[in-house]
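Hi there,

Here is the structure I promised to pass on to you. Have a look at it first, and then read my notes below.

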Amino acid sequence: MSKVALEAKRKIIDEIKSKITDSKSVVFVSYQGINVEQDTKLRKNFREREVDYKIYKNRLIKIALDELGITGYDATHLEGTTSVAFGKDEVSAASVLFEAKKDVKCLEAKFGIVLGSVVDSAKVEELSKIPSREVLISKLLFMLNYPASSLARVINEIAKKGA
């Protein structure tokens with residue numbers, strides 16, 4: 001193998017390692033059987049949620065995981081087609097994948113890494129059901145604001161009747 005080819009592979013391995021290190025969640029996906037239209041829509045959905053979605057060779061993924069000291073995944077999961085979704089938060093990569101899986105049955109979560117820990121596909125699916133940070137914050141704000149707004153309505157009704 002030429003020196004140029006080795007350098008190109010080393011660059012990809014370093015990219016994978018960097019993305020894994022910088023991500024709060026990583027989902028490894030089997031995409032065998034997806035068509036171009038479905039793939040385009042999937043990539044768009046990942047972009048909208050600020051999830052980086054890439055396809056890498058299994059051998060390069062394995063090398064990157066080994067160099068990072070990540071163990072606990074089944075080596076057979078790095079066979080066949082593998083794409084990787086890198087999330088800035090704990091749930092977005094899993095959420096987009098499982099939303100898309102409703103229409104694209106061939107998509108499968110192989111395994112994931114969440115906050116540095118390897119999780120199986122069942123845990124990735126559980127993560128997909130947790131609302132995003134923004135949704136949780138809006139629910140919290142509603143709950144905090146509800147008593148005050150209720151009191152304001154009661155006072156307003158009393159004022160109307162008293163006038």
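A residue is called buried when its relative accessible area is under 20%, exposed when it is over 50%, and partly exposed in between (1.4 Å probe, protein chains only). Helices (H or I, at least four residues) and strands (E, at least two) are DSSP runs, numbered from the N terminus. Please keep in mind that this is a predicted model, where local features need pLDDT of at least 70, side-chain atom pairs count only at pLDDT 80 or more, and totals for chains, interfaces and linings use all residues. Residues are numbered from 1 along each chain as its sequence is written, and side-chain values use heavy atoms, with hydrogens and water left out.

Let's start with helix H3 (residues 58-68), where Asn58, Leu60, Ile61, Ala64 and Leu65 are buried. They lie on the same side of H3, because they cover an arc of only 165° around the axis (the arc of the directions from the helix axis to the C-beta atoms). Their cover includes helix H1 (3-22) and strands E1 (25-30), E3 (83-87) and E4 (108-114); contact here means heavy atoms within 4.5 Å. Just after H3, Gly69 has a positive phi of about 75°.

Next, Ile55 sits in strand E2 (residues 52-55). Its relative accessibility is 40%, so Ile55 counts as partly exposed. Apart from neighbours within four places in sequence, Ile55 touches Tyr31, Arg43, Thr82 and Ser83. From Ile55 to Pro147 it is 49 Å in space, C-alpha to C-alpha, and 92 residues in sequence.

Enjoy exploring!
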